[in-house]
Amino acid sequence: MIRFERVPLIKGLKLYTEEKNARFHMPGHRNEEDMEELRYLKENLFHFDVTEVEGTDNLHYPEEIVKESEILLAEAMGAMESLYCINGSTASNYAMIFGLLRRNDRILVQRNCHQSIYNAIALLDLQPAYLIPEVIEDFDLPSIVTLEELKRMHRKSPDARAVILTSPTYHGTVADIERLSAYCRENGLYLLVDEAHGAHFSFSDLLPQSSIRRGAHASSVSFHKTLPAMTQSSVLNLSALLSDKERSRIRHYHRVFQSSSPSYPLLCSMEMTRYYMEEHGERLYEELIARIEVLKADLLTIPGVRVLSEKESRIYDTTRLVVNTPLSGVLMDETLRREHKIQCEMTEGRNIIFILTPFDREDDLMKIGRAIKDVHDQNELLWNRKDDPQSYVRYAMNYPLLRKFKESDVLFMEDEEIEIKDAHNRVSSEKIIPYPPGIPLILPGEVISDEVIKTYLHLRSHEANILRSGTGGNDTIRVLREEV
Ligand SMILES: Cc1ncc(COP(=O)(O)O)c(C=O)c1O
């Protein structure tokens, strides 16, 4: 008899799974019982949890079965070479950046990029110039970087060596990689794409084309976010535009950033996913997209509801459902979980975001429309109020990030805790990251501007989930002792 009070982690997960929510969050699998391939993996999970011995090859220096599997993977991805990563796209991002850039290199990087990119910038002391994404006003969301923005910033930083983009974004907006990559090639810039949310693009013509097929030099894709692979599985795609030497450097850093005991269950999960999606992807996405269209039409009949689509972003991943309602996302999320047993991926302002995959059951999908209609009916007063127009993202994407000290130095400097409202012009000694989506608000060593304070207070007032590296207080921040 297991005494669950002695295994609090397992107890918590047990309680969560016993709620039997319709889950629209990562990972992309829904623990399907009727998928033979997944059942086979589950039955063998512990059998396949082995190490590098005769016959099992080695992820770090693949020559046999891992190599064979990576060749099939690269074919599926449309890449010259694809590498399995068992430390998520976080590690894939590190490997591609470290393999191609040197200390102090200047880069053009999308402002709304993931914290792993910001961390790579700090670790390598790269000099970032930020590409400001378009803003989708009606949803108060940052979107993709346009070619015009890339050209504008390249003129200001002609010595840049690489462009780092996020596409698709967390919200499913996809950049015009074809045009952006053509510009990068003409101008001697590497184009590295964090495509963590777009792993499924390779498996259906009904979805946007993947960035590696549209001219990126390298891309990282999280197999666990949208595909039926286990958490932490990611693939790093390398294009034929890279030389042997460049790919060999990336392979070097791929080893540096992976465990030296890579998990075979994770590798198998990625291989089985690739196999399964090659066999069934086209049909699965055709069916899923048809169901999503019905759901979206249903949602749009609810007064005041907007659904993100090609109208707001010319290239859009329709499997990402972003619903904007007059209610706060946090309240909507709580109500959906409590009263309708629906768990979304995340909320942001008045948006609620669902990751839809071919493994969602049709009745679960349709439940989303019914539940939001019900929340509308139960909350007519809140729903119809006209206050607090959304206004966060435009300034949140535009404030300058002024780095005064390197993160690695800040960690050794004296600091103190002060009220965040008094922190104007002080240097932060901590990291503040609204999560998800994991785009940092401020990093150690950066000067705290009014915009940072305003954005922080805005996020707090919307009860956003905020990760902090430094302090306990909600309205305080740790700063370096000396005034800037
Ligand atoms: C845009 C983006 N890039 C990279 C990552 C990191 O991916 P992983 O969780 O596979 O390490 C995330 C995670 O949420 C993400 O949203």
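Thr318 touches Ile289, Ile292 and Lys296, leaving aside residues up to four places away in sequence; contact means heavy atoms within 4.5 Å. Thr318 sits in the loop between E11 and E12. Thr318 counts as buried because its relative accessible area is 17%, and buried means under 20% (1.4 Å probe, protein chains only).

This is a predicted model: local features need pLDDT of at least 70, side-chain atom pairs count only at pLDDT 80 or more, and totals for chains, interfaces and linings use all residues. Residues are numbered from 1 along each chain as its sequence is written, and side-chain values use heavy atoms, with hydrogens and water left out.

**The four-stranded sheet**

- An open sheet of four strands runs in the order E11-E12-E15-E14, with antiparallel pairing. Two strands pair if DSSP finds at least two bridges between them. Strands (E, at least two residues) and helices (H or I, at least four) are DSSP runs, numbered from the N terminus.
- Strand E11 (306–307) and strand E14 (346–348) are the edge strands, and each pairs on one side only.
- E11 and E12 are antiparallel and share two bridges. Here Arg306 stands opposite Asn324 in E12.
- E12 and E15 are also antiparallel, joined by five bridges. Arg320 faces Ile355 in E15, and Val323 faces Ile352 in E15.
- E12 is mostly covered, with five of its five residues buried. Arg320, Val322 and Asn324 point one way from E12, while Leu321 and Val323 point the other way.

**The β-α-β unit and helix H5**

- Strand E3 (residues 106–110), helix H5 (residues 115–124) and strand E4 (residues 127–131) form a right-handed β-α-β unit. Right-handed means that, with the strands pointing away from the viewer, the path from the first strand over the helix to the second runs clockwise.
- E3 and E4 run parallel and are joined by five bridges. Leu108 has Ala129 in E4 as its bridge partner.
- H5 is mostly covered: eight of its ten residues are buried. Among them are Ile117, Tyr118, Ile121 and Leu124.
- The cover over these buried residues includes helix H4 (88–100), E3, E4, strand E7 (162–166), strand E8 (190–194) and strand E17 (432–434).
- Just after H5, Asp125 takes a positive phi of about 50°.

**Nonpolar cores**

- The largest nonpolar core has 58 residues, and Phe223, Phe354, Ile368 and Ile372 touch the most other members. Such a core is a set of buried Ala, Val, Leu, Ile, Met, Phe, Trp, Tyr and Cys residues joined through side-chain atoms within 4.5 Å.
- Elements giving two or more residues to this core include helix H3 (65–77), helix H10 (264–299), strand E12 (320–324) and helix H12 (362–378). H10 supplies the largest share, 13 residues.
- Not counting residues up to four places away in sequence, Phe354 touches residues including Phe24, Leu321, Val323, Ile368 and Ile372.
- A second, separate core of 47 residues includes Cys85, Leu101, Cys113 and Leu238.

**The second largest pocket**

- The second largest pocket is lined by 23 residues, and Arg30, Asn31, Glu32, Phe359 and Arg361 lie nearest its centre. On a 1 Å grid over the protein atoms alone, a pocket is an open set of points where a 1.4 Å probe fits, with protein on both sides within 12 Å along at least five of seven lines; lining residues have an atom within 4 Å of a point.
- H10 gives the most to this lining, with four residues.

How values were computed. Buried < 20%, exposed > 50% of the residue type's maximum accessible area, 1.4 Å probe, protein only.
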